[in-house]
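Hi,

Here is the structure I promised to pass along. Have a look at it first, and then read on for what turned up.

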Amino acid sequence: MLKQKLSQKLLQKLSPQQIQLMKLLQIPTATLEQRIKEELEVNPALEESNYEEDDPLDVTGGDDEKGDSDGDDNTEEAPDAADEIDLSDYLSDDDDIASYKLRDNNYNKDADDENKTIPVAIINTFNEHLMEQLGMINLNEKEYKIACHLVGSIGDDGYLRREIEAIVDDLAFTQNVNTTEEELEYLLGVIQDFDPPGVAARNLRECLLIQIRRKEGSPNIVPKYLEVAEDILENYFDEFAKKHYDKLRKHLSITNEELKYAIEEILKLNPKPGGTYSNSAKPENYIIPDFIIENNNGQLRLTLNSRNAPDLRISDTYRDMLKEYNKTKKRTKTQREAVMFIKQKIDSAKWFIDAIKQ
């Protein structure tokens, strides 16, 4: 059986402004700039503000703010909702500054604005790193030219893939430098002493040998293990690559423990010495904080990071359009629709600016 009764309920409804604010609060600082650009594209009434902008337009000279409500005009059409809009709400000079832009007209950019320059790390490439070390070596003009050619022939992984005989021909034909394989081998040995260890090697075995020999004399490594590791790389590299550990132990006459520690030292080596510098040449992804905490004489100060939030304001063009419509006593249907469109865009822009400011 149906019954009627009275009841009280407490409901909370979110306004469009509150919904927009909640969505913006969920956006991290790193993507806030992209969200603002999207809003600038979809809302023509919203635009970025310049610090040197003039005062808001003086729009107090309208003929009649009541639109179609003039008593002398007798129209047969029913009054439209757009004609009842008080355009003075959108054209008044007494509006709050925050409704139009995020900065006052007397805003001192030099004193108050934070530096919005994104820091860019200057990183030397792998080739530049080798050339800097080459500049510290005492070489004559011919040797320096040959060494520069050798450095330029080293790949990003740190290996010299080109044969020595071919490099001799390259120097003769391209730079008119006559040299020998022995001289190239000497200069290649000089470059192989550069950092990172293992650079300018012609194969993996040579790369690992260069690195293991660099460790000689290190106080943190047992010399016996280094000797075994060097012997494995120099004389039994194929058995090591195929993991024939029994053959290695038999050929070297060592215990399982000595073989174990020697292999551990080999596994610590870097098979691609140039890989670290190759990765560092790629663009860095900087972390942009959402807020910043500063310690000022023991007092913690928390500030929001507004680096990616540009200054926004209502477009003067749209305000001028409303000013012109305000002078029209009788509007056509197209004009009424235009007024409604402009009002909607300006309201949306105001809500967005207030949400960004909050």
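Let me start with a definition: a salt bridge here is a side-chain nitrogen of Lys or Arg within 4 Å of a carboxyl oxygen of Asp or Glu. By that rule the count comes to 13 salt bridges. Do keep in mind while reading that this is a predicted model.

First, the overall picture. The protein chain has 16 helices and four strands. It runs to 358 residues, and 35% of them count as buried. Take the contacts between residues at least 6 apart in sequence: 70% of these join residues at least 24 apart. As for the surface, the chain exposes about 23800 Å², with carbon and sulfur atoms supplying 48% of that area.

D157 pairs with R161, and their closest N and O atoms are 2.7 Å apart. R161 counts as exposed because its relative accessibility is 56%, and the cut-off for exposed is over 50%. Another pair is D170 and R162, whose side chains meet at 2.6 Å, N to O. R162 has a relative accessible area of 41%, so this residue is partly exposed.

Then there is R213 with E234, where the closest N and O atoms are 3.6 Å apart. This pair links distant parts of the chain: R213 belongs to helix α9 (residues 204-214) and E234 to helix α10 (residues 223-235), 21 residues apart. Both partners are partly exposed, R213 at 38% and E234 at 37%. Salt bridges can also share partners, and in that way E185, R202 and E206 are joined into one network.

Next, helix α6, which covers residues 141-152. It has twelve residues and reaches 17 Å from its first C-alpha to its last, close to the 16 Å expected at 1.5 Å a residue. Which residues of α6 are buried? They are E143, I146, A147, H149, L150 and V151. What covers the buried residues of α6 includes α5 (126-134), α7 (164-174) and α8 (181-191). At the N-terminal end, α6 is capped by N140, with a side-chain oxygen lying 3.2 Å from the backbone nitrogen of K142.

How many disulfides are there? The count is zero. For orientation, a disulfide is a covalent bond between the sulfur atoms of two cysteines. C148 is partly exposed because its relative accessibility is 24%, whereas C207 is buried, with a relative accessible area of 0%.

- Q192 is found in the loop between α8 and α9. Is Q192 buried or exposed? Its relative accessible area is 12%, so Q192 is buried, the cut-off for buried being under 20%. Leaving out residues up to four places away in sequence, Q192 touches V199, A200, A201, E206, I210 and R214. One of these, E206, also belongs to the salt-bridge network with E185 and R202.

- E216 sits in the loop between α9 and α10. At 48% relative accessibility, E216 is partly exposed. E216 and E227 are eleven residues apart in sequence, and their C-alpha atoms are 8.8 Å apart in space.

- P271 lies in the loop between α13 (256-267) and α14 (275-280). With a relative accessible area of 43%, P271 is partly exposed. Beyond residues up to four places away in sequence, P271 touches Y159, L204 and C207, and C207 is the buried cysteine mentioned above. What is the C-alpha to C-alpha distance between P271 and L208? It is 6.9 Å, although the two residues are 63 apart in sequence.

Cheers

Methods: Residues are numbered from 1 along each chain as its sequence is written. This is a predicted model: local features need pLDDT of at least 70, side-chain atom pairs count only at pLDDT 80 or more; totals for chains, interfaces and linings use all residues. Side-chain values use heavy atoms; hydrogens and water are left out. Helices (H or I, at least four residues) and strands (E, at least two) are DSSP runs, numbered from the N terminus. The expected span of a helix is 1.5 Å times one less than its number of residues. Buried means under 20% relative accessible area, exposed over 50%, partly exposed in between (1.4 Å probe, protein chains only). Contact means heavy atoms within 4.5 Å. A polar contact is a pair of N or O atoms within 3.5 Å; within protein, one must be able to donate a hydrogen and the other to accept it, and residues adjacent in sequence count only if both atoms are side-chain atoms. A disulfide is a pair of cysteine sulfur atoms within 2.5 Å. Accessible areas come from the Shrake-Rupley method with a 1.4 Å probe; for residues, only the protein chains shown count as cover.
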